[in-house]
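Here are my notes on the model you sent. Please read them with the structure open.

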Amino acid sequence: MGRGRVEMKRIENKISRQVTFSKRRSGLWKKANEISLLCDADVALIVFSTSGKLFHYCSHPSMGRLVERYEQHTYSQKIGAPNEPKEDLLLDHPKLGHHLQYLHRTM
């Protein structure tokens, strides 16, 4: 007998919600690991529970480097020149320094 279809809505029972979160989180980790191994992709997952607890997975040895890569990619998309250094980056140096200090403290 197969599983029934789950209606996508918030689970009202707190205990059931926590159990579902735990099971689905482990399934998500498994899928992230699979795509990383099968496709040689860099994968980073960051999940905060409703209680504020942090869970993370990273296929790369350094989560910080993947986050930096993501930020560089999104920043270059915003300015319209992918993967090309700009003089504007020098103006952002103090802001990036503060952000990097914040990331080090949170790690």
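This is a predicted model: local features need pLDDT of at least 70, side-chain atom pairs count only at pLDDT 80 or more; totals for chains, interfaces and linings use all residues.

The numbered points below go from the overall fold to single residues.

1. The protein has 4 helices and 2 strands. Along the sequence, they follow the pattern α-β-β-α-α-α.

2. Burial and surface. Of the 107 residues in the protein, 13% are buried. The protein exposes about 9600 Å². Carbon and sulfur atoms supply 57% of that area.

3. Length of helix α1. Helix α1 covers residues 14-39, which is 26 residues. Its end C-alpha atoms are 37 Å apart. At 1.5 Å a residue, the helix should span 38 Å, so the two values agree. The expected span is 1.5 Å times one less than the number of residues.

4. Ends of α1. What caps the N-terminal end of α1? N13 does: a side-chain oxygen lies 3.0 Å from the backbone nitrogen of I15. Beyond the other end, just after α1, D40 takes a positive phi of about 55°.

5. Buried side of α1. Which residues of α1 are buried? They are W29, A32 and S36. Their cover includes both β1 and β2, the latter being residues 54-58.

6. S49. This serine sits in the loop between β1 and β2. Is S49 buried or exposed? S49 has a relative accessible area of 11%. Buried means under 20%, so S49 counts as buried. Leaving aside neighbours within four places in sequence, S49 is in contact with F21 and F55.

7. I46. Strand β1 runs over residues 44-48, and I46 lies in it. The relative accessible area of I46 is 51%. The cut-off for exposed is over 50%, so I46 counts as exposed.

8. Nonpolar surface patch. I46 also belongs to a nonpolar patch on the surface.

9. Points to check on screen. Compare two residues: S49 is buried, in the loop between the strands, whereas I46 is exposed, in strand β1. Then turn to α1 and find W29, A32 and S36, its buried residues. Strands β1 and β2 are among what covers them.

Conventions
Residues are numbered from 1 along each chain as its sequence is written. Side-chain values use heavy atoms; hydrogens and water are left out. Patches are made of residues with over 30% relative accessible area and no salt bridge: like charges are joined within 9 Å, nonpolar side chains (Val, Leu, Ile, Met, Phe, Trp, Tyr) within 5 Å. Accessible areas come from the Shrake-Rupley method with a 1.4 Å probe; for residues, only the protein chains shown count as cover. A salt bridge is a side-chain nitrogen of Lys or Arg within 4 Å of a carboxyl oxygen of Asp or Glu. Buried means under 20% relative accessible area, exposed over 50%, partly exposed in between (1.4 Å probe, protein chains only). Contact means heavy atoms within 4.5 Å. A polar contact is a pair of N or O atoms within 3.5 Å; within protein, one must be able to donate a hydrogen and the other to accept it, and residues adjacent in sequence count only if both atoms are side-chain atoms.
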